[in-house]
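Please read these notes with the model open beside you. They run point by point, with cut-offs given where a term comes up.

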Amino acid sequence: MARSKVKNLLLLKQIHSAVTQIKKGKLDKALDTLDKAEKSAKQAKSTDALYYILFTRGGILYSAKEYDRALKTYEKALKVGSELLENDPENTDYQHYMGTTLSNMGNLLRKKGEVDRAVESYSSARKIYSDLITKDPENAVYRSYAGENLNNYGYLLLEVGSPDSACEIQTEAVEIYEKLFEEKPDNLGYQAELSVALSQLGSCLKQQAPEDTESAKKTLERALEMQEKLLTQQPENEKLREATTLTKERLEGL
């Protein structure tokens, strides 16, 4: 029993050290520490710690654009997470991690061109976050992650030419971010995500009814207005600049 406690203390120390290294931007060191922590977790038979370690490692690899390694890590995390949820299905932390993992997997699979698997991942994440929001409707974290997943899901559906499904997804994303924006109008992240959702909704409305461009035009114009305003506040934001250019192109294509 004492030996087991030592292992768990070591495990906690390793996880804490990895988190500190991530915050300092020392990602290579964090990955090394997480490798050691994974061994400790397996020795201690600490499944929940193993899940968190895999989830964290997947996020680092994803950020580092090591997409194949990130995907394999997330697949392991989903397997471990599924086991945990079988024993504790009401655990919202596990559900949240699963939703984020599935959403990121969808992004990775889209980059790899595996459309069917990406759709499955996004759809599963959508279901998880829908359930979490139903249980805790005021939780801004759940709503924000749900909106981000929907924006990525909608973008994929636009890419593969499914405007009806894309419009459904993007409408849901707009509704989520509209509420978040109303609650915190100074939050630049919410504004940016709302503008992206509006831009993508405008694009799918155009594809859905090419003979009726008025709704698409109004939606795209609102998106562009928000994005240009944000650019005055964040002129160095390359991602925002790219989103603004895309919205302009969509408007010009009407």
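**Notes on the helix packing**

1. α9 and α10 are roughly antiparallel to each other, a label used for angles over 145 degrees. Their axes cross at roughly 150° and come within 8 Å. Axes here are lines fitted to C-alpha atoms, for helices over the stretch in contact, and angles run from 0 to 180 degrees between N-to-C directions. α9 covers residues 188–208 and α10 covers residues 214–233.

2. This is a predicted model, in which local features need pLDDT of at least 70, side-chain atom pairs count only at pLDDT 80 or more, and totals for chains, interfaces and linings use all residues. Residues are numbered from 1 along each chain as its sequence is written, and side-chain values use heavy atoms, with hydrogens and water left out.

3. The crossing of α9 and α10 is left-handed, meaning that the near helix is turned anticlockwise from the far one by less than a right angle. The contact of α9 with α10 is made up of twelve nonpolar, nine polar and two charged residues. In this scheme Ala, Val, Leu, Ile, Met, Phe, Trp, Tyr, Cys and Pro are nonpolar, Asp, Glu, Lys and Arg are charged, and the others, Gly among them, are polar.

4. α9 itself has 21 residues. From first C-alpha to last it reaches 30 Å, close to the 30 Å expected at 1.5 Å a residue; the expected span is 1.5 Å times one less than the number of residues. At its start, a side-chain oxygen of asparagine 187 comes to within 2.9 Å of the backbone nitrogen of glycine 189.

5. α10 also packs on α11 (residues 238–252), at an angle of about 150° with the axes 9 Å apart. α10 and α11 are therefore roughly antiparallel to each other. Their crossing is left-handed.

6. α3 passes α4 in a left-handed crossing.

7. Lysine 127 sits in α6 (residues 115–135). Its side chain makes a polar contact with the side chain of aspartate 131 at 2.7 Å (a pair of N or O atoms within 3.5 Å, one able to donate a hydrogen and the other to accept it; residues adjacent in sequence count only if both atoms are side-chain atoms). Lysine 127 and glycine 99 are 28 residues apart in sequence and 8.4 Å apart in space, C-alpha to C-alpha.

8. Overall, the chain has eleven helices and zero strands. Helices (H or I, at least four residues) and strands (E, at least two) are DSSP runs, numbered from the N terminus. The C-alpha trace spans about 70 × 35 × 35 Å along its principal axes.

Definitions and conventions
Angles under 35 degrees count as roughly parallel, over 145 as roughly antiparallel, 65 to 115 as roughly perpendicular and the rest as oblique.
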